[in-house]
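Try each task before you read its solution.

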Amino acid sequence: MPATALPEADRSAPEKSRISARSILLWTTVALLGAVAWGVLALARGEKISAVWLVIAALGSYAIAYRFYSRFIARRVLQPDDHRATPAERLEDGVDFHPTDRRVLLGHHFAAIAGAGPLVGPVLAAQMGYLPGTLWIVAGVIFAGAVQDMVVLFLSMRRDGKSLGQMARDEIGRAGGAAALIAVFAIMIILLGVLALVVVNALAHSPWGTFSVAMTIPIALFMGFWMHRIRPGRVVEASLIGVALLLLAIAGGSWVQNSSLASTFTLSPTTLVFCLIGYGFVASVLPVWMLLAPRDYLSTFMKIGTIALLAVGVVVAAPVLHADAVSKFATSGTGPVFAGSLFPFLFITIACGALSGFHALVSSGTTPKLIRKESQVRMIGYGAMLMESFVAIMALIAAATLEPGLYYAMNAPAGLLGATAQSASHAVAGLGFTITPDQLTHAARAVEEQTLIARSGGAPTLAVGMSEIFSGVFGGTAMKAFWYHFAIMFEALFILTTVDAGTRVGRFMLQDMLGNVWKPVGRVNWKPGIWLCSGLVVAAWGYFLYSGATDPLGGINQLFPLFGIANQLLAAVALAVCTTVLVKSGRLRWAWVTGVPLAWVVAVTFTAGWQKIFSDDPKVGFFAQRAKYADAIDAGQVLPPAKTLDDMHTVVTNSTVDGVLIALFLLLVAVVLVNAAVVCLRAVRAPGVLPTTEAPYVESRIDVPEQAGEALAGARS
Amino acid sequence: MNARQWLRAVGRYLRELTGEAEYDRYCGRHRRHHPLAPAPTRREYQVLRALHREAHPQGRCC
């Protein structure tokens, strides 16, 4: 977003015309460009169009939304006041609180919210065609995702950086607060399990990928010692060395693959699961400076670099979209990647990039303590989320540039595709698409992988798409394999950082909760307590990881809906807190700004959850699936894709666990929502405004604006 | 801006983004508040920083 280029035109001349002619011309042009691009997307039927149209449509919409809608929310709804000191100024301690330059904070906040989520969801959702996904990503971010991030950031900033859980407790009540806390913990466990599964699926039987990802551990350790012992505090130089070593490790993977070491790094999914679980435990008990902090820097650098590279690649290479605009699976709901109809399942498959509840945790933790001026919540909350949304659009483009035949051969469950190129080609033909066995082997050979069949999880598909785009711009076909493994490594790096950090955050939450029962566990420096809680957290996500990796029906295909529902439910909690605060503070008139997205996300998640629990279709409903396989076991049959009776029992257990979990999530969030509704009703009926939990007003002493903005038309009504 | 100025600006931005510049700010603050006490060395500050980070885990999003 060219945020700095946006004119704050009317500050200095409140009496004259509110908007200059130049500004009108600029925004008319932007609107026209966006409209033309959307028009091209809408009218393209049957013919292949360039991905550039998607980029223009998205960027045009973002610019309009940022200039007009986010400004509207800021001025009418939140009313930030730059004369009021932010917590960063009032409580400055040089550590947690300190007024940060907005561009630096934008970078910080973006690095904290953007991860593998916006890269994985859109790839899976490409099953329904590129158009529904694009529409949801763009509309979702403008009216829901960015609004949530910005409002939560603002509310937390006005409350000295309180967390979402604390705000839920203060604003909604004890029951709602406790339910929100448990929901946050449970949702995080699912998230870690699913993300780790993406890594397992990307690295299984791939010595090149496994080697280069494994090398990130010694590289991070080296950086850690550099920054802590050898040259303390030199983060930039250590990171640059780290990135160089990382590129070397990717190149070295090619050599390892063709050497005698190849077999050491060729691991089965189950072995990888245990490696990841072990790694997760060790990483969460080691001192942060050794592994977590350096990996975090590495991941930030790679993130920003690769995303910039991808943006350049998409614009320069201008790939053609080969996927259908709207595929037949959008209407039939029988797609192989995830089952269920467009509503609600598209909207939970693409979570990050459109609306992600997890951002509410970041927006209510670190960032609000660093904001220099209140009005900057607009650029940091709304702006950073628009950037993440753009990442999701690029992931969608990368997936949509693949031939549909290859896309389905990579993303359908292994049970459907079989193990050979022949069986996969046959299965893809059964889905109504074509890819010959030769093309399939050729595609795998081009990126130097043994096979691309059933590499679900989004990462390999994105990597193939990215390698197409990158090799078109930098290095040609000879570099394809390098770029493929570069993309795999880049995603694995994000995810492992999230797993490290998430395990640690989970451990603290668990210590906090268990500390209420037995005091010593709550002490943050009591080693056995740390080990116990780390072990419990790792075991919890490890369970989902293992069951996903061994699920005969395909772990990603089964677990991703669970992850999506969980993430969107967290968004429902966050939006419920926002709406309650707006109503309580006498802004009922503007409560629709968060109330409408809240209603939408509740409709989506509860419909999806309901179908996952009660649907008669065993492909959609977990309990219908359980009944189908349990009946078959009683009859002594083995139903494909299960191969043995053990597989059958695995399916029964997994679908029971998944179904019960969804029911639990829905119940917890329902408690929060009912509690919030009661509080809102009470606030509406109460005479006057309810007491606020905002920190009291203190006059700001830094960068005080010379005069207030002009009066809003109708502000006194 | 010419190439060198650009490079310097990027370098400054990265120093701020990664928190490398934190130490300078910390020292400035320390001098203002405790003018007589010696400021911690970069190495000591790094240890303090690591301890603080240990106790305040930061979530990373999906």
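Predicted model: local features only at pLDDT ≥ 70, side-chain atom pairs only at ≥ 80, totals over all residues.

**Exercise 1: a helix and its surroundings**

Task: work out how the span of H25(A) compares with the expected one.

Solution. Start with the limits: H25(A) covers residues 555-584 of chain A, which makes 30 residues. At 1.5 Å a residue you'd expect 44 Å. From first C-alpha to last, the helix reaches 43 Å, close to that value. Now step just past its end: Gly586(A) has a positive phi of about 80°.

**Exercise 2: two packed helices**

Task: decide whether H8(A) and H22(A) are roughly parallel or roughly antiparallel to each other.

Solution. First get the geometry: H8 (residues 174-203) and H22 (residues 480-515) of chain A pack at about 155°, with axes 9 Å apart. Angles over 145 degrees count as roughly antiparallel, and therefore that's what this pair is. Next, the handedness: the crossing is left-handed. Finally, look at who meets whom: the H8(A) side includes Phe185(A), Leu192(A) and Val199(A), and the H22(A) side includes Ile488(A), Glu491(A) and Gly502(A). Sort the residues of this contact and you get 17 nonpolar, four polar and one charged.

**Exercise 3: where the chains touch**

Task: find which helix of chain B gives the most to the side that touches chain A.

Solution. Count the contact: 42 residues come from chain A and 27 from chain B. On the chain B side, H1 (3-18), H2 (22-33) and H3 (42-55) each supply at least two residues. H3(B) gives the most, with nine. By type, the chain B side divides into 11 nonpolar, six polar and 10 charged residues.

How values were computed. Residues numbered from 1 in each chain as written. Chains lettered and ligands numbered in written order. Axes fitted to C-alpha atoms, helices over the stretch in contact; angles between N-to-C directions. Helix = DSSP H or I, 4+ residues; strand = E, 2+ residues; numbered from the N terminus. Parallel < 35°, antiparallel > 145°, perpendicular 65-115°, else oblique. Left-handed = near helix turned anticlockwise from the far one by under 90°. Contact = placed C-beta atoms within 7 Å. Nonpolar A, V, L, I, M, F, W, Y, C, P; charged D, E, K, R; others polar. Expected span 1.5 Å × (residues − 1).
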